[in-house]
Amino acid sequence: MVRPVIFFILLSLFIAPFPVLSQQLNFTVTINSERARTQDTDIFEKMKSAFEQFLNGRNWTDAELKPQERIKGNLLITINDMPQVGLFSATVQIQTVRPVFGSDYESLILNFADRNWTFEYTESQPLEFNQFSYLNNITSLLAYYAYITIGIDYDSFSLRGGDAFFEIANNIVANAQQSSNPGWNQNPSDKRNRYWLANDLYNSQVMVPVRDAYYLYHRKGLDLLTTNPEESYQNIVEAIKMIQEANKVQPNSILTISFMDAKSDEISKILKAAPMELKQEAVEVLLKVDPNNARKYNDILKG
């Protein structure tokens, strides 16, 4: 018999209608400009508004959605340097969530750090994008993460449902390689960039189990937690095993790292209420896949 602890885990959650698949975006852009060597701080307010409008005001798919059905996300841009007027060097943190059936809980599904973005921006600059050609490094990056976000959201609702969106993201990478900007190329010394993320999601057969794990973990795991916790726990553990399967063949891939960065806290909390046998099974796998969070996973056994 499953203990009532699961209701404590999702404290304050209430029964809600099942969410419609989300295709379009509701992003908040935050720009940290403390390191920028400029007194013209107004440009960053205009940059924030322009980037949000580009992400949220565009139809990325043919679907028509209500505002509450759009994918929620945060884009944190840290300006590391401004070597000259209009030229910026930055890092980007992307986080997106998806709703969980039967609750008001939102699960973090993408947590990715892009550490090498250079771009040119001037006030009132039109942000134009064409998925078939490279125009500039701003809209290429923003559109790339828009399609990555939508693809992962789709993957979490249907098995490999994000294929079409990952294909576009992969095409954006291919087009951007003509530029001299970092992050788009097949650099073996930097496997945490845009090229490798798109490659893992679209081209790599080794990483297919990770994509399948997105579906099993969310649609057959989290979405069943309040209605069928026994099956939910089992499927969550099976999803973790699928991550391990890919990790054995290709250790420390960016897709595996990204999955665990998004899920480590959630997994450690949810599995505390699982049967002890499943807890032990999960922890054994987690310690191999994500040893950096060993303390967090060992705490599962104390729950």
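This is a predicted model: local features need pLDDT of at least 70, side-chain atom pairs count only at pLDDT 80 or more; totals for chains, interfaces and linings use all residues.
Next, select residues 71–84 and 87–99. These are strand 2 and strand 3, which run antiparallel and are joined by 10 bridges. Strands of a sheet pair through backbone hydrogen bonds, either parallel or antiparallel.

Now turn to the aromatic rings. The structure holds 17 aromatic pairs. Show the side chains of Phe51 and Tyr121, an edge-to-face pair with 6.0 Å centre to centre and 75° between the planes. Phe51 is in helix 2 (residues 42–56), while Tyr121 is in the loop between strand 4 and helix 3 (137–157); the pair links distant parts of the chain, 70 residues apart. Is this pair buried or exposed? Both Phe51 and Tyr121 are buried.

For another aromatic pair, select Tyr217 and Phe259. The two rings are edge-to-face, 5.9 Å centre to centre, with 85° between the planes. Tyr217 lies in helix 6 (residues 208–218) and Phe259 in helix 8 (residues 254–270), so the pair ties together parts that are 42 residues apart in sequence. Tyr217 and Phe259 are both buried.

Select Lys191 and Trp196: Lys191 lies over the face of Trp196, at 4.6 Å from the ring centre. Then select Arg194 and Trp184, where Arg194 lies over the face of the Trp184 ring, at 4.5 Å from its centre.

The last stop is Met242, in helix 7 (residues 229–249). Which residues does Met242 touch, not counting those up to four places away in sequence? Show Pro209, Asp212, Ala213 and Leu216, which are its contacts on that count. Finally, draw a distance from the C-alpha atom of Met242 to that of Lys296: the two atoms are separated by 20 Å, and the residues are 54 apart along the chain.

How values were computed: Residues are numbered from 1 along each chain as its sequence is written. Side-chain values use heavy atoms; hydrogens and water are left out. Two strands pair if DSSP finds at least two bridges between them. Helices (H or I, at least four residues) and strands (E, at least two) are DSSP runs, numbered from the N terminus. Rings of Phe, Tyr and Trp (its six-membered ring) pair if their centres lie within 6.5 Å; planes under 30 degrees apart count as stacked, over 60 as edge-to-face and the rest as tilted. Buried means under 20% relative accessible area, exposed over 50%, partly exposed in between (1.4 Å probe, protein chains only). A charge sits over a ring if NZ of Lys or CZ of Arg is within 6 Å of the ring centre and within 35 degrees of the ring normal. Contact means heavy atoms within 4.5 Å.
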